[in-house]
Amino acid sequence: RSSNDAMLAGFSTPPVPKPVTLRRLARAEVDAGASIEWSTTRVALVEAGANLGFAGGNNIAMRYVARVDAGAYVLLLNNDTVVAPDAVSAMVRTAESESRAAAVGATLLQYHAPERVETLAGNTVQEWSGFSGLIGADLPRHRRHVTPTMDYVSGCCMLVTPAGLRAVGGLDERFFIYSEDADWGVRARRAGLSLVHSVDAQVWHKGGGTSVHRSEFHDYQTAKSSLLFVRKHRPAALPVAWGYVAARMVAPKLVRGQW
């Protein structure tokens, strides 16, 4: 076992006692108003019936929460993360201290370099290109108190507040994967709400759990979502964005012989 695994092992040890009480529901049941008795159910698994992408899958849960509890929070969390035991409670405390918060992000750290920052809660985004930039990447973990100025909270770990859910709603399902969190953040800021970093909430992200970097799927979805983002938020810049995508993503593949 690597030293990284040893450092983070305490977050998943001891394991949760089995069996875990589970209720399976079809998407149609949830959309029709099915109720879940949480006193007897630990996990509710909604079977979407198809791959709806990151936005479509999360929206099922977001619509359910908005319907059954107007005061509830929603946590979007990637499946390739390790979460500190007190991370969610820290994020909720941060949200409750910020009356205008639409969403709260955690300190995202690199799983394979646990003492290094991946990004501080969220990212910046160029509205003319749709491409994003990390905040505080590779800072040592003890410097995570740097206050970030972000355009959106990363969907890798995003706590949506009741105010954010009411004012902004769900994710735009036209973004199958990538840029849906950037779009949500832009909408939240335009609604006059804020995006906040919870310094003490720590989450380690493995990365590449959904798609392989530079794979055909990754590059296609990145280009598609970036251009959709520009068309939605800065349509006049779309010709420039097309040229940028060609220079950044198509040209390097031609040079590498990835026909």
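Trainee: Which side chain meets that of Asp-219 in a salt bridge?

Mentor: This is a predicted model, in which local features need pLDDT of at least 70 and side-chain atom pairs count only at pLDDT 80 or more, while totals for chains, interfaces and linings use all residues. Residues are numbered from 1 along each chain as its sequence is written, and side-chain values use heavy atoms, with hydrogens and water left out. A salt bridge places a side-chain nitrogen of Lys or Arg within 4 Å of a carboxyl oxygen of Asp or Glu. At 2.9 Å, N to O, the partner of Asp-219 is Lys-253.

Trainee: How many residues apart in sequence are the parts that Asp-219 and Lys-253 tie together?

Mentor: Helices (H or I, at least four residues) and strands (E, at least two) are DSSP runs, numbered from the N terminus. Asp-219 belongs to helix H7 (residues 216-233) and Lys-253 to helix H8 (residues 238-256), so the separation in sequence is 34 residues.

Trainee: Is Lys-253 buried or exposed?

Mentor: Buried means under 20% relative accessible area, exposed over 50%, and partly exposed in between (1.4 Å probe, protein chains only). Asp-219 has 13% relative accessibility and is buried. Because Lys-253 has a relative accessibility of 16%, this residue too counts as buried.
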